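Open the model in your viewer and keep the selection panel at hand. The stops below run from one site out to the whole chain.

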Amino acid sequence: EDEDEEDEDEDEDEDEDEDEDEDEDEDEDEDDEFNEDEDEDEDEDEDEEEDEDEDNEEADEDEDEEDEDEEADEDEDEDEEDEDEDEDEDEDEDEDEDEDEDEDEDDEFNEDEDEDEDEDEDEEEDEDEDNEEADEDEDEEDEDEEADEDEDEDEEDEDEDEDEEEEEEEADVDEDEDEDEEDEDEDEDEEEEDEDEEDEDEEDEDEDEE
């Protein structure tokens, strides 16, 4: 019996040892699974970080492209402004050249007149030059007459505007006078009503006294 009991105890001990070994194996499996999950989580975190880095790089590239586009637009605007300034300068230079040419023409014209006065030339040349000068004078007179007509038209327009303003002012004055008369009539009516009321009050008082 003792031996049987010892055998049973040994069997139980062996069973317990086996159970403990199984528990240890399960614990190790669980640790392995936990470690695997942690590794997977780390891998996922690394993937997310890589994705974020890629997204940030793309965003930076997009910003760089936008900055480059803006700089290009600014450069184009500056170029256009420079071109406009150059065109304006060219126009100013052309105007200056035209003025210089006009001055030269005037000087030449004056020199011709001086030469005509100082020198005795052929009558035909004098007549031709006189005719040319006369034509130029006629053109200038025509231009002066047109300018005078334009001035007259402007003055007429101004006079019409002044007349309209005066008529409007007169109408406003008439309206103000009408309003004043209406106010005076209203004041007179109110005074008459007040007087009538006073008369009635006096009559009532007289009646009460009687």
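Which residues line the largest pocket? Select Asp-102, Glu-105, Asp-106, Glu-108, Phe-109, Asp-112, Glu-129, Glu-132, Glu-133, Glu-136, Asp-137 and Glu-140. α1 (2-118) and α2 (123-209) are the elements that give two or more residues to this lining. A pocket here is an open set of points on a 1 Å grid where a 1.4 Å probe fits, with protein on both sides within 12 Å along at least five of seven lines; lining residues have an atom within 4 Å of a point.

This is a predicted model, in which local features need pLDDT of at least 70 and side-chain atom pairs pLDDT 80 or more, while totals for chains, interfaces and linings use all residues. Numbering starts from 1 along each chain as its sequence is written, and side-chain values use heavy atoms, without hydrogens or water.

Colour the lining by class: one residue is nonpolar, none is polar and eleven are charged. The space in the largest pocket is about 320 Å³.

Next, select Glu-133, in helix α2. Glu-133 is buried, at 18% relative accessible area (buried means under 20%, with a 1.4 Å probe and protein chains only). Show its contacts (heavy atoms within 4.5 Å): beyond neighbours within four places in sequence, these are Phe-109, Glu-113 and Asp-116.

Now zoom out to the protein chain, which has two helices and zero strands (DSSP runs of at least four residues for helices, at least two for strands). Its radius of gyration, 58 Å, is well over the 17 Å of the globule rule for 210 residues, so the chain is more spread out than a compact globule (C-alpha atoms; the rule is 2.2 Å times the number of residues to the power 0.38). The C-alpha trace spans about 165 × 125 × 20 Å along its principal axes.

Definitions and conventions:
Grid points are joined across faces, edges and corners, and a volume is the space filled by probe spheres set on the points. Ala, Val, Leu, Ile, Met, Phe, Trp, Tyr, Cys and Pro count as nonpolar, Asp, Glu, Lys and Arg as charged, and the others, Gly among them, as polar. Buried means under 20% relative accessible area, exposed over 50%, partly exposed in between (1.4 Å probe, protein chains only).
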